[in-house]
Structure formats: structure tokens, C-alpha cells
Amino acid sequence: MNVQDLIAFFFILCGAFFMLMGSIGLLRLPDFYSRTHATGKVDTLGIMLSLLGLAIYEGLTLNSLKLLVVMIFVLAVNPVGTHALAKAAMEYGLRPWFKDDTPPVKQESEGV
Amino acid sequence: MIQPSNSLIVAVVSRTMIPYLQVFALYVIFHGHYGPGGGFQGGAMVAASLILSRMALGGERAEVQFRSAWGSPLGAIGALLFAAVGLVAVFFGGEYLNYAYLPLPLDDPALLRSYGILFIEIGVAIALTGTLVAIFDDLVEGHEDYD
């Protein structure tokens, strides 16, 4: 196991960590907008770090170039998708959750 | 007819990304017999870029690149191209889809098979693109005030 592999594993583990954070945020945050924030931002970072780790693991080949292209694509497109979702919800009239509201997460757990 | 997206960000990023998506889809189609990819995946990417242009830029501007009326005929043409390559091989003395019997001016049977597969991939890609775009256009048809 050389230094290149270690750096690659570090980046892949960082990506997995951010994906885990995004999943926990999706489950735990109270309303649509904050969930969009968690999944959109953190999944972009998680996927990009994982792909960067894979590109480093691969070395300087055509495949790592393709992975870099995919990274640029994810960087450009994933936030735009999140933006489109949130904008559509805002225009539909979905009300954001405020601090003095009853958190929907607790309501669900009490009902169950 | 779908209205264009009222978000400037979505419009600009879609307009920037669609040509690159289509070029990469062509790469996937033509690289299918050397690596991952092929006609099905490349055709799906072309169809996805066309559907993205319909959703983000609106039906009126998307029709410039790909008319709704072309969907079903292209699906049929792609399937016909697939079947025709197979039947040409039968006509020149081989089995159905045996690319080694295709009447191409190439001596190497390996090259013949390679280019024969390329024709099949192009047929699959054309059929898939036309069919997927036709399905999308049929689904949104009638939503005149679709936002």
C-alpha cells in the first residue's frame, strides 16, 4: 500500500462521511427546504470527494480524466437541480418550518 | 407545449450543458464496443438531453433541435436499421446478424465484426432516442398551461 492509495482511501472515506451526513440530514431535518439543503449540498461534496479519490487511485489515465469530467458535471448540475426543486416548492406555496412551529419529526414519532 | 423554465439559473446551465451531454452521448455510442457504454446507454443520454431541453428551455425552442413529430418515425427507422443489418448478412450468405458476411470493403473479419456492431449500436441509439422523446411528448401533450 503506497502513498497514492492512502490518499485515495482518505478522499473516498471523506466522501462516504459526507454522504452519511446527508442521509442523516434527510432523515432528521424537519421540513422540505432544510432536507433539500442537506441532500443537495452534502451529496455534491460526497460524490465529488469519492470521485476524486477514485481518480487518484486510478492514476493518470483516460479513466481518471473521465472521472474528472463527471466531477465537473456533478459540480455544475447538482446544485442547479436542488435549486430547481426548492424554487418549484416555493412557487407551489410550501411554507418553510420556523422555530416556534411544532417540529413535524416529533409529531410523527408521537403518532407512531 | 411546455413553457420555458422561469429560473434563469436552470435555463443558463441547461443551455450550457446540453451540447456537452450530446457530444458525450455520441462518444458513448461510438465507444460501446471498446468499453462501457453502447447504443442503449448513448441513446438514453441523447434522449435525456432532448427531454432536458424541452423541460428547461420550453417546447418552442426545443422543437428547433428535435421536432415532436420525429419521435415515432425515428424509433421505427432505428429498429429497421437493426433488422436490415441482420438481413443483409443473411442475403450475403451468413446467419442473421453474422457481421462477418457484411459487404463492406474490409479484409479483416475482426474489423468487419467491429463495424457491424457499430451499425447495430447506431440503430439501437436512434430507436431509443426517438422512442423516449416520443413517450415524453405524448405524456405532456394536452397540458397547455403546464408550468
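What covers the buried residues of H2(B)? Buried means under 20% relative accessible area, with exposed over 50% and partly exposed in between (1.4 Å probe, protein chains only). The cover includes helix H1 (8-30), helix H3 (59-65) and helix H5 (109-140) of chain B.

Some ground rules. This is a predicted model, where local features need pLDDT of at least 70, side-chain atom pairs count only at pLDDT 80 or more, and totals for chains, interfaces and linings use all residues. Residues are numbered from 1 along each chain as its sequence is written, chains are lettered from A and ligands numbered from 1 in the order in which they are written, and side-chain values use heavy atoms, without hydrogens and water.

Stay with H2(B). Helices here are DSSP runs (H or I, at least four residues), numbered from the N terminus. Among the buried residues of H2(B) are Gly39(B), Val46(B), Arg54(B) and Leu57(B). Helix H2 of chain B has 19 residues (39-57), so at 1.5 Å a residue it should span 27 Å. Its end C-alpha atoms are 26 Å apart, which agrees. Next comes Gly58(B), with a positive phi near 95°.

Now chain A. The axes of helix H2 (residues 32-58) and helix H3 (residues 62-92) of chain A come within 9 Å and cross at roughly 180°. So H2(A) is roughly antiparallel to H3(A), a label for angles over 145 degrees. Their contact (heavy atoms within 4.5 Å) has 18 nonpolar, 7 polar and 2 charged residues. Charged means Asp, Glu, Lys and Arg; nonpolar means Ala, Val, Leu, Ile, Met, Phe, Trp, Tyr, Cys and Pro; the others, Gly among them, are polar.

Last, confidence. pLDDT is the predictor's confidence in each residue, from 0 to 100. Chain A has a mean of 85.

Notes: Axes are lines fitted to C-alpha atoms, for helices over the stretch in contact, and angles run from 0 to 180 degrees between N-to-C directions. Helices (H or I, at least four residues) and strands (E, at least two) are DSSP runs, numbered from the N terminus. Angles under 35 degrees count as roughly parallel, over 145 as roughly antiparallel, 65 to 115 as roughly perpendicular and the rest as oblique. The expected span of a helix is 1.5 Å times one less than its number of residues.
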